[in-house]
Amino acid sequence: MSITNWSLISLLSSSIEQCKSIEFMPLTSTDEYKVYCCCEENIYLCLNILEIKPIVNLCYSFIFSKDYQQDNQLNISTRVLLCYITECLTSWNIRRRLLLSRIINIQEELQFLDILLNLKPKSEQLFRYRRWILKQEGIDKVSTNKELELCDRTAEKHFINYASWLHRRWIIQYLNVNIDEELERNRLWLENNLSDSSGYSFRAHLLSKKVLDENLIRNELNMNDNMLEFYYDRESLWIYRQTLIFLAMKFEMIDKKQLLNKELDSIKNIQENFFSNKYSRLLNTLLSSDGKQFRT
Amino acid sequence: MGTPQRDVKVNYSEVQKDLLIEKHCAFLIGYGRSHNTYEYGATDYLRMSGIYWLCTCLDLLHSLKLIDQEHIIDYIQKCYDKNSGGYSPCPNHDPHLLYTLSAVQLLVQLNRTDLIDKQSLCSYIKQLQQDDGSFIGDQWGEIDTRFSFCAVACLKLIDSLDTIDIDRATNFIMSCLNFDGGFGCIPGAESHAGQIYCCLGFLSLVQRLDNLDLSTRNMLAWWLCERQLDKSGGLNGRPEKLPDVCYSWWVLASLKILGKIQWINREKLSKFILASQDDETGGCSDRPGNIPDPFHTLFGIAGLSLLNTYDENIIRKVNPVLCMPEYIIQKLEIKMQLL
């Protein structure tokens, strides 16, 4: 661990701080010097995917070195490491302590997380840390739109993104977001991402928060009909339909037999395929089920 | 007719059909020794679980003796955090409930429970339980049903389940049950095969599976066996995801707890797991053709064990709740509920 090594990590850290986006790509080193990164106009930072190992090892050696335990040094070494190894909980914990002692500024840290989330849109630890910070910041300072936009972005970047939709559920609850407005946003989002069954699962979650009646379920089924007319080969649409039926069957008031028979009729209008066959098998099972013969 | 489901194409006429036991053992042992490689440093943050995957898999393959057990015991003790009573994944790292379970599983497996400070371990776990019965994984505190499972599994292995409030812990698990019959990581979160395993495992260990009524059990088992993909025969963890060998564990073990493992097409799944072996290096990957790792190797072998594809002389029987060799669970006389 030499001074030059520390300068390298410091340099990387300040590049990460200044840049608006980060990416990993292979860069060519020469005999004379190794290329660790390439920075363009303080906007775009490219980290060399071929030189990950020495940087990670250096960061770890600094993070756990007796001589580099000052707050500003830990801020630097963990910032760099987390770009490379985002799931390293211990490094996030170090940053939590730095944030509590006000070495790290909340707004700057949220910005850092924004950029990292573009790089690692499904990182569980990143989202957990973000929620922890938002709780530190206090409920009135959190920007609902910013968080919802971040959820949209990460959900689009990574298909069926569990961590992103979990964050969204938390935001809705924590900030008491209006469910009807959220249902409308979700409808628009699904129009462009109709194969995303996590998006549909979230929709069902929103519905379950409302006072449900047969009309509401019927409207959802109609919307699903319209989609199935064009996209009958998308599994997500069929699974959502199944979920709606399960949801409907939760109410005592609904005549289950009538509901299931009506369903069996209505899917006859849709072109038959692998999913529709599976779905009608389920409906028939639910109709005839005595609780024992669920599947043969 | 016949719309394709999101799946991978496996050319079953060309893939590996035999179980490569010796190669897997060599792969696993080599992994434990690869201290100089990048992969080794990059996985520091979960190393304790890595060692558990490796040792459990070797044990299932009757080959635990091939590894330096003293070295591992030494490592575990270096990861013990006296202040909290928990274990970290790697020396210098922070302790966490996830790695505490791995450490306890290892010490039980290596027959060194004498090294566990039961009292501090119990108080460590107890202070992670929240008022609503849920568990946080560490002092920074996010709640997850995975942590509930880790807590009761640890306590069960040291015969101290009464340390925590089981009624409230059970109520929390039940509050994570969704209307599709699945479980998520917190109330209202999307159903996920991994979380379902944790919740069913929890209910099995505290012997409260009766909380699930008949129709919920059926619905849940339906959801689980829908995870088997038609073409490849592999299992996914959620709808529309690609098949992944590790779900051969999470899904199968859950179905085993529910007494419905026969709902899975055994032959097709066995073929998929065997096709995911790397016939050059040994080890299993997430799906055929990818790079193998100890995580998928364990869950592939453990899946084959649950499917009874091979005789016990080849793969030992695995316990479906604790993912440890059954002979150890029998020896300790640990009781759990299976439907």
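Okay, so chain B has 14 helices and zero strands; helices here are DSSP runs of H or I with at least four residues, strands are E runs of at least two, and both are numbered from the N terminus. Before I go on: this is a predicted model, where local features need pLDDT of at least 70 and side-chain atom pairs count only at pLDDT 80 or more, while totals for chains, interfaces and linings use all residues. Residues are numbered from 1 along each chain as its sequence is written, and chains are lettered from A and ligands numbered from 1 in the order in which they are written.

Back to chain B. The radius of gyration is 19 Å, close to the 20 Å from the globule rule for 339 residues, so chain B is as compact as a globular protein of that length. That radius is taken over C-alpha atoms, and the rule is 2.2 Å times the number of residues to the power 0.38. The C-alpha trace of chain B spans about 55 × 50 × 35 Å along its principal axes.

How much of chain B is buried? It's 57% of the 339 residues, with buried meaning 20 or more other C-beta atoms within 10 Å of a residue's own, C-beta atoms being placed from the backbone.

Now the core. A nonpolar core is a set of buried Ala, Val, Leu, Ile, Met, Phe, Trp, Tyr and Cys residues joined through C-beta atoms within 7 Å. The largest one has 144 residues, and B:A151 and B:C154 touch the most other members. Leaving out residues up to four places away in sequence, B:C154 touches B:T100, B:L101, B:V104, B:L121 and B:I125; contact means C-beta atoms, placed from the backbone, within 7 Å.

Next, the two chains together. On chain B, 33 residues are in contact with 41 residues of chain A. α2 (38–42) and α10 (214–225) of chain B each supply at least two residues of that side, and α10(B) gives the largest share, five residues.

Last stop, chain A. Three of its strands make an open sheet in the order β1-β3-β2, with mixed pairing; strands pair if DSSP finds at least two bridges between them. β1 (21–25) and β2 (37–40) of chain A are at the edges with a single partner strand each, so one side of each has no neighbour in the sheet. β2(A) runs antiparallel to β3 (residues 44–48) of chain A, joined by four bridges. And which residue in β3(A) is the bridge partner of A:C38? That's A:C46.

Notes. A residue is buried if 20 or more other C-beta atoms lie within 10 Å of its own, exposed if 12 or fewer, and partly exposed in between; C-beta atoms are placed from the backbone. Two residues are in contact if their C-beta atoms, placed from the backbone, lie within 7 Å.
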